[in-house]
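Let's take a friendly look at the charged side chains in this model and how they pair up. The sequence and structure come first, then a short report.

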Amino acid sequence: MTNPSPRTRALVAVLAVSTAALAPACVRTRTDPVTGKVAVKVKNPLQKGEDWNARVSGVAPYTNATGSARAEVIGGQTTVSLRVTGLTPGATHPWRVNEGRCNEPGPVVADPALYAPILVSGQGVAEGTTRLPQSLEITRRYKVRLFLSPTDSTTEVACGDLSNR
C-alpha cells in the first residue's frame, strides 16, 4: 500500500473536520395545534437561540423607506430590532410585530405597549428595539410593520416579512 500524498492527507483532514462540525446538528419538529402543520428545523447546537430576519420595504406612497428587522429568540423571550431609512426627519412612527405576512391581516404579537414609538433622526433613519415576553413560533408567520404616526397607527409606511433561518 502506498502512502497518501500531502495533498490527499490535507483533503482527508478537511473532510473529517467538516463532517465533525456538521454532525452535531439538532433537528427539531413542532406541530401547530391549530393548522396541524409540522415544521422541521435543523439547528447548530452552538447557536444560542433562533434568528428571524426581514427586509423592510416602504408601502406606497412611502416607497423611499427601506430597512431591516431582526428578531432573536432566547430563553422564551424575543428581542426585536428595526432599522428603517428614507423617512421624514423628525417624524415619530409606531411599529409592531404581527402574525401573518405583509398585505395580510394578523394580530399583534404581545402587548402593543411594549413597542415604543421610534423617532426619525435628521438623516431620515429610525431605529427601535423591544423585548417580548414570548418566543416566536417556527410554525407561524410574522411581519414587522411601521406606521405613519402615533395618531395614525393604521396607515402602514413600511412592512417586512420575518423569515426564520
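Glu156 has a relative accessibility of 15% and therefore counts as buried, the cut-off being under 20%. In this predicted model, Glu156 forms a salt bridge with Arg145, and their closest N and O atoms are 2.5 Å apart. Glu156 sits in strand β11 (residues 152–164) and Arg145 in strand β10, so the bridge ties together parts eleven residues apart in sequence. Arg145 counts as buried too, at 19% relative accessibility.

A search of the whole structure turns up five salt bridges. Here are some of them:

| Salt bridge | Closest N and O atoms |
|---|---|
| Glu156 with Arg145 | 2.5 Å |
| Arg70 with Asp51 | 2.8 Å |
| Glu99 with Arg140 | 3.6 Å |

Now to Arg70 and Asp51, a pair with 2.8 Å between the closest N and O atoms. Because Arg70 belongs to strand β4 (residues 66–74) and Asp51 to strand β3 (residues 50–58), this bridge ties together parts 19 residues apart in sequence. Arg70 is partly exposed, its relative accessible area being 34%. Through salt bridges that share partners, Asp51, Arg70 and Glu72 are joined into one network.

That leaves Glu99 and Arg140, whose closest N and O atoms are 3.6 Å apart. This pair links distant parts of the chain, 41 residues apart: Glu99 is in strand β7 (residues 95–99), while Arg140 is in the loop between β9 (126–132) and β10 (142–149). Glu99 is partly exposed with a relative accessible area of 24%, and Arg140 counts as partly exposed at 32% relative accessibility.

Conventions: Residues numbered from 1 in each chain as written. Predicted model: local features only at pLDDT ≥ 70, side-chain atom pairs only at ≥ 80, totals over all residues. Heavy atoms only, no water. Salt bridge = Lys/Arg side-chain N within 4 Å of Asp/Glu carboxyl O. Helix = DSSP H or I, 4+ residues; strand = E, 2+ residues; numbered from the N terminus. Buried < 20%, exposed > 50% of the residue type's maximum accessible area, 1.4 Å probe, protein only.
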